[in-house]
There are 2 protein chains.
Amino acid sequence: MSKSVFDEAIAIFGDPNCRENTISPAYQNMVGPFGGITAATLLNAVLSHPEVEGSPVSMTVNYLGAIKSAVMTIVPRLIRSNRSNQHWLVEAQADNEAVLTATIVVAQRRDTWRHQEISHPGAPAVNELTSLPIENMTPWVQQYDMRFVKGSLFEEVDENSEALPSESMHWITDRSPRALDFLSLTAMSDSFFPRLFLIKRDFVPAGTVSYTVYFHVDQNQLTELQSPWALAHARASNFNGSYFDQTGELWSEDGQLLTTTTQMVYYKC
Amino acid sequence: MSKSVFDEAIAIFGDPNCRENTISPAYQNMVGPFGGITAATLLNAVLSHPEVEGSPVSMTVNYLGAIKSAVMTIVPRLIRSNRSNQHWLVEAQADNEAVLTATIVVAQRRDTWRHQEISHPGAPAVNELTSLPIENMTPWVQQYDMRFVKGSLFEEVDENSEALPSESMHWITDRSPRALDFLSLTAMSDSFFPRLFLIKRDFVPAGTVSYTVYFHVDQNQLTELQSPWALAHARASNFNGSYFDQTGELWSEDGQLLTTTTQMVYYKC
């Protein structure tokens, strides 16, 4: 079977301690590649490393500047192995300039006491919603089928809504079909349009500087998922002094919490 | 004027590119030092570096293992300087073993459009509340005056409360007086007892693996604060497969959002 567009974009080659990735035109954003795809590529460099043991628990990626070259090199470094987890540090360069850093914790997760504290936000079923039109969209958006429950950038603001101005909710799946895994969840957890666009209803200059994803499921729970769709829910806390944050969750179609995520975003307006 | 206990604990010496910190007995936790104090110490190594330009915007610290030695060495590395921000990577060792990594973004924040999206949670005034007794508490807790609004570990559960089981809110200030700054906010943003203790009402084994703080104020806004108290509000999302998260905010006494924070915590039960 040929690789999906996503798997082609995050493909890495060469020495496990110094990988190469060809920047995919399919996932370009306004300036350089979509942050979700580069984050997934860094995670791929760790998860495919011969020394990795376990599945990802947390990941923080810092975006140092737009990648304009055709290739990036990725250096994953195992900083410490403990009995049940590992700490990885990843640095990526493009055109001999640092472009990304990441810290990743992987762990052998045990079957422990379980408790979900936050509630599922509730949403209409995927097939009751229409897909976001992708004509004229930036390339990475075209790789996804997104179906908005609320807070679409491309619809009129509902004046009667009780939602926060920065709140959005959408179903998302890869158009080039593949099951959900840690790599695609890493990308999808960054699929929220900048909250500033939503509030301002305008494409003002903005770019993520730091992006964190926490994984709330292990490999077995992911493997058992029947649906390739995730429900993505996000909002902001505050906009001040050139930076704002956004916070979100991804849920499986059967209602499990998959990831929680937060990011800090530079803006100018 | 003599240094406060906090400033003594986070003090760093020697080469700006390879600092030494003497682990303070005053901020010990159950095993090794309080994560908030080591995070503040790493930030101190960056903010006191001769090449730093700007104030902190985001910080992620990974905890690789308990520090058992008397001294740690801290290597801050400026990975990239942009026009308005810098990306730093910090690695710390104790007894020649890696114990901490951190990524820190500092920036020259401009006066931009401002908007606070989340609401202040509301709380009684500091002087209407009683201090958490500190006798028999682990050392770091004794360095703070904490006054609980809700979710104290050391009070009966209020069966009529509408709060989430994992929710807590407390006022906090340094007992050895000092004004709030980025360093103390970094430590205070980790002053939430593990949410698992709160739900289980028991001290089960738990330890943070990754801790993120976003700063929502700049240096000028901090300098103008009249009060050394912060209101700390936290909750969890999910407990599953050896890891749970917790999410929180710190507010100034005059109602400004100071930090948002999240962490992923290992547990065994």
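Reply: Happy to. Chain B can be laid on chain A by a turn of 180° with a shift of 0.0 Å along the axis, giving an RMSD of 0.0 Å; the superposition is by least squares on the C-alpha atoms of residues with pLDDT of at least 70 in both copies. The two copies are thus related as by a two-fold rotation axis. In chain B, the C-alpha nearest that axis belongs to Thr60(B), 3.6 Å away. This is a predicted model, where local features need pLDDT of at least 70, side-chain atom pairs count only at pLDDT 80 or more, and totals for chains, interfaces and linings use all residues. Residues are numbered from 1 along each chain as its sequence is written, chains are lettered from A in the order in which they are written, and side-chain values use heavy atoms, with hydrogens and water left out.

Me: How do you know that the copies meet through the same surface?

Reply: Contact means heavy atoms within 4.5 Å. Of the interface residues of chain B, 100% are also interface residues in chain A, so the surface is the same.

Me: What makes Glu97(A) and Arg80(B) a salt bridge?

Reply: The rule asks for a side-chain nitrogen of Lys or Arg within 4 Å of a carboxyl oxygen of Asp or Glu. Here the closest N and O atoms are 3.6 Å apart, and the pair qualifies. Glu97(A) lies in strand E5 (residues 97-107) of chain A and Arg80(B) in strand E3 of chain B, so the pair joins two chains. Over all chains, the count comes to 15 salt bridges.

Me: Why is the pair of Trp140(A) and Phe193(A) called tilted?

Reply: Rings of Phe, Tyr and Trp (its six-membered ring) pair if their centres lie within 6.5 Å; planes under 30 degrees apart count as stacked, over 60 as edge-to-face and the rest as tilted. These two centres are 6.0 Å apart and the planes stand at 45°, so the pair is tilted. Trp140(A) and Phe193(A) are 53 residues apart, and the pair links distant parts of the chain.

Me: What makes E3(B) and E4(B) paired strands?

Reply: Strands (DSSP runs of E, at least two residues, numbered from the N terminus) pair if DSSP finds at least two bridges between them. Eight bridges join E3(B) to E4(B), and the two run antiparallel.

Definitions and conventions:
Helix = DSSP H or I, 4+ residues; strand = E, 2+ residues; numbered from the N terminus.
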